Every structure is written in C-alpha cells, then in structure tokens.
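Dear colleague,

Please find below a structure that I am handing over to you. My findings follow after it.

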Amino acid sequence: MARDTKNMLLRLDPELAEHLQAVAEVEGRSVSDVAREAIAALVEQRRRDKRFAGLLEESLARHERTLRRLREDDR
C-alpha cells in the first residue's frame with residue numbers, strides 16, 4: 001500500500017457492502033484492500049477504453065472553452 005493515502009467516504013447498497021465484506025473475509029483481506037484493488041482495475045480499464053478516452057477529450061475541450069470565456073469576461 002502507498003505511504004500517502006486519501007480517506008474517502010464510499011456509500012454502498014447494503015447488499016453490495018455485504019458481498020464486498022464476504023469477498024474480503026474469504027480472501028483474508030480487508031474490505032479497503034479489496035475495494036482499492038477493484039477501483040485500480042476499473043481505472044486501468046478506463047485508461048485503455050477508446051470510448052472513455054473520447055469522452056475525456058470532449059470534457060477537456062468543454063473545460064478549456066469555459067476557461068477561455070471566463071478569462072475574456074475578466075477583461
């Protein structure tokens with residue numbers, strides 16, 4: 001585990017939380033470890049997803065346009 005961590009609050013449906021707890025218990029790991037692994041896998045999956053990359057580029061372009069408009073309004 002990394003030395004620097006960030007605490008986050010995660011709200012789960014009770015049934016999903018129960019399933020997560022069961023997985024952690026069976027594997028002899030903490031719920032946090034199992035959740036971190038799942039999140040890391042999801043992030044890596046998205047990094048390789050061409051559709052997601054396109055959505056990310058669209059989002060970046062929208063934010064850049066917004067920043068330009070805000071800067072122009074300050075003049």
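Predicted model: local features only at pLDDT ≥ 70, side-chain atom pairs only at ≥ 80, totals over all residues.

**Overall form**

The protein chain contains 3 helices and 0 strands, and its elements run α-α-α from the N terminus on. Helix H1 covers residues 14-27, helix H2 covers residues 31-47, and helix H3 covers residues 50-73.

How does the radius of gyration of the protein chain stand against that of a compact globule of 75 residues? Such a globule would have a value near 11 Å, whereas the protein chain has 19 Å. The C-alpha trace spans about 60 × 30 × 30 Å along its principal axes.

Of the 75 residues, 7% count as buried. The protein chain exposes about 7400 Å², and carbon and sulfur atoms supply 53% of that area.

As to charge, the protein chain carries 16 positive and 16 negative charges, and the mean positions of these two sets are 7 Å apart.

**Salt bridges**

A search of the whole structure gives 5 salt bridges. I describe some of them here.

Arg29 takes part in two of the contacts. With Glu27, the side chain of Arg29 forms a salt bridge at 2.7 Å from N to O. With Glu37, Arg29 forms a salt bridge in which the closest N and O atoms are also 2.7 Å apart.

Glu44, at 29% relative accessibility, counts as partly exposed. Arg47 has a relative accessibility of 64%, so it counts as exposed, the cut-off for that class being over 50%. Returning to the group around Arg29, salt bridges that share partners join Glu27, Arg29 and Glu37 into one network.

**Surface patches**

Which residues make up the patch of positive charge on the surface? Arg62, Arg65, Arg68, Arg69 and Arg71 gather there. One of them, Arg69, lies in helix H3 (residues 50-73). Arg69 counts as partly exposed because its relative accessibility is 47%, and partly exposed residues lie between the 20% limit for buried and the 50% limit for exposed.

There is also a nonpolar patch on the surface, formed by Leu10, Leu12 and Leu16. Together these residues have about 270 Å² of accessible area. With a relative accessible area of 32%, Leu12 is partly exposed.

With kind regards

Key: Residues numbered from 1 in each chain as written. Heavy atoms only, no water. Patch = residues over 30% accessible without salt bridge, like charges linked within 9 Å, V, L, I, M, F, W, Y side chains within 5 Å. Areas by Shrake-Rupley, 256 points an atom, 1.4 Å probe, with all protein chains shown as cover. Salt bridge = Lys/Arg side-chain N within 4 Å of Asp/Glu carboxyl O. Lys, Arg positive; Asp, Glu negative; His and termini not counted. Charge placed at Lys NZ, Arg CZ, Asp CG, Glu CD. Helix = DSSP H or I, 4+ residues; strand = E, 2+ residues; numbered from the N terminus. Buried < 20%, exposed > 50% of the residue type's maximum accessible area, 1.4 Å probe, protein only. Rg over C-alpha atoms; globule rule 2.2 N^0.38 Å.
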